[in-house]
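Please keep the sequence and the structure in view while reading.

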Amino acid sequence: MPSRPIYLDYHATTPLDPRVWRAMEPYFCTEFGNPASASHAYGWTAAQAVQRARAQVAALIGAAPNEIVFTSGATESDNLAIKGIAHRHGGRPAHVITSAIEHHAVLDPCARLEREGFAVTRLGVDRDGRISLPELEAALRPETVLVSIMAVNNEVGVIQDMEAIGRLVRARGALLHSDATQAAGKIPVDVKRWQADLLSLSGHKMYGPKGVGALYVRDGVQLACQLDGGGHERGRRSGTLNVPGIVGLGEAAALAQAGLEEEAVRIGALRDRLLERIASRLEGVRVNGSMTQRVPHNLHLTFHGVEAEALMMSMPELAVSSGSACSSSARAASHVLLALGLTPGEAQGSLRFGLGRFTTEQDVDVAADRIVACARQMRELSLP
Ligand SMILES: *Cc1c(COP(=O)(O)O)cnc(C)c1O
């Protein structure tokens with residue numbers, strides 16, 4: 001069997017850590033109880049497992065266990081946070097602030113609110129990919145109910161100054177939501193220090209299972225729930241809990257927390273090695289987004305005069321991406337790269353490299369060699 005491509009797309013999804021799988025396994029067949037079954041031991045065992053996972057997820061982000069709402073993933077968490085806050089006062093249209101570089105799971109609920117009569121401000125970013133704090137301050141109005149700013153961007157890996165953003169938003173009496181899907185388990189996340197009122201994360205972006213995520217809801221914050229039913233999750237999200245998934249999310253959170261610093265150092269060194277081995281041998285390569293305010297496992301490069309789609313096709317031994325997995329079939333230039341000031345042509349000459357827990361030095365070296373060789377070849381072919 002031919003060997004599989006080297007996986008450098010950890011922003012799209014991550015493999016399940018085998019330790020997470022071992023923690024989950026009993027909850028599929030043996031410990032199958034419904035945590036809402038309060039009358040027998042099957043239910044109690046499942047409820048205990050969920051309670052433990054709730055504490056593990058809470059610990060990763062500095063929250064209390066009762067502030068964690070389990071969901072089906074970050075898309076649902078973002079929708080619940082944004083629509084849940086916007087609609088809690090009987091739908092009286094108000095003002096929402098977000099950024100131009102958010103994931104569609106934030107952009108699209110905001111666009112829906114706009115169609116419903118809400119005012120929406122989308123903050124731009126600078127060349128580094130960061131929002132401007134004075135611009136945020138100027139955008140805040142008395143009727144602003146929610147500010148939703150992602151902690152880490154899923155394409156360029158740029159980290160926002162969440163602590164400073166949180167200070168501004170709290171001082172003006174609005175609520176702060178952060179899509180921290182690409183931050184949780186990768187950099188320290190602390191809802192108290194950030195003064196976040198709501199925060200989204202997802203299992204499959206941090207070596208947990210797909211189809212499970214969480215929304216942190218600060219104690220006392222009221223949401224209009226989006227799924228009506230049995231009143232699970234203290235009325236905030238009905239539906240029988242995905243016990244194996246939740247156990248996996250909890251274990252993934254605990255592993256990420258325990259290995260956070262060591263992993264950041266190791267993966268950051270691999271990322272720097274990848275950049276060095278490409279940029280030192282290939283002309284016309286530029287990094288997109290801040291190199292200092294950036295998660296250690298992300299690299300995003302523009303290859304001058306090269307079509308990213310064609311470059312990817314020419315190196316099937318690498319699993320990389322030209323943008324977010326959810327929109328990469330659309331073929332339109334990335335809204336994130338355009339917001340950073342790239343031209344559509346530059347955006348279409350760009351690739352995202354996502355490294356992770358199972359990336360090796362050999363992976364990086366093989367990948368760098370392929371990228372350099374293929375980019376050179378494409379440039380030669382396109383010469384007149
Ligand atoms: C992956 C991702 C999402 C969507 O998460 P799912 O759990 O797949 O729904 C939302 N926001 C960001 C920043 C992401 O990277």
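The largest nonpolar core comprises 65 residues, a nonpolar core being a set of buried Ala, Val, Leu, Ile, Met, Phe, Trp, Tyr and Cys residues joined through side-chain atoms within 4.5 Å. Ile-61, Ile-68, Phe-70, Leu-136, Val-147 and Leu-199 have the most contacts inside this core. Because domain 1 (6–13 + 260–382) and domain 2 (18–255) both contribute residues, the core lies between them. A second, separate core has 29 residues, including Leu-270, Leu-282, Met-315 and Ile-371.

The model is a predicted one, in which local features need pLDDT of at least 70 and side-chain atom pairs count only at pLDDT 80 or more, whereas totals for chains, interfaces and linings use all residues. Residues are numbered from 1 along each chain as its sequence is written, and side-chain values use heavy atoms, with hydrogens and water left out.

The protein chain is divided into the two domains named above, with bounds that come from an automatic or database domain assignment. Their C-alpha centres lie 28 Å apart. Across the boundary, 34 residues of domain 1 are in contact (heavy atoms within 4.5 Å) with 32 residues of domain 2.

Leaving aside neighbours within four places in sequence, the contacts of Ile-68 include Ala-58, Ile-61, Ala-214, Leu-215, Glu-233 and Arg-236. Ala-58 is found in helix α2 (residues 41–61); helices are DSSP runs (H or I, at least four residues), numbered from the N terminus. Not counting residues up to four places away in sequence, Ala-58 touches Ala-63, Ala-64, Pro-65 and Ile-68. Ala-58 and Ala-214 are 156 residues apart in sequence, yet 9.7 Å apart in space, C-alpha to C-alpha.

The ligand is surrounded by 13 residues, each with a heavy atom within 4 Å of it. The closest are Thr-75, Asp-179, Gln-182, Ser-202 and Lys-205. Helix α3 (residues 74–86) gives the most to this shell, with three residues. Several polar contacts (pairs of N or O atoms within 3.5 Å) can be described. A ligand nitrogen atom is 2.6 Å from an N or O atom in the side chain of Asp-179. Ligand oxygen atoms are involved at Gln-182, where a polar side-chain atom lies 2.7 Å away, and at His-204, where the distance to a side-chain N or O atom is 2.8 Å. Taken alone, the ligand exposes 380 Å², of which the protein buries 88%; the areas come from the Shrake-Rupley method with a 1.4 Å probe.

Methods. Buried means under 20% relative accessible area, exposed over 50%, partly exposed in between (1.4 Å probe, protein chains only). A polar contact is a pair of N or O atoms within 3.5 Å; within protein, one must be able to donate a hydrogen and the other to accept it, and residues adjacent in sequence count only if both atoms are side-chain atoms. Helices (H or I, at least four residues) and strands (E, at least two) are DSSP runs, numbered from the N terminus.
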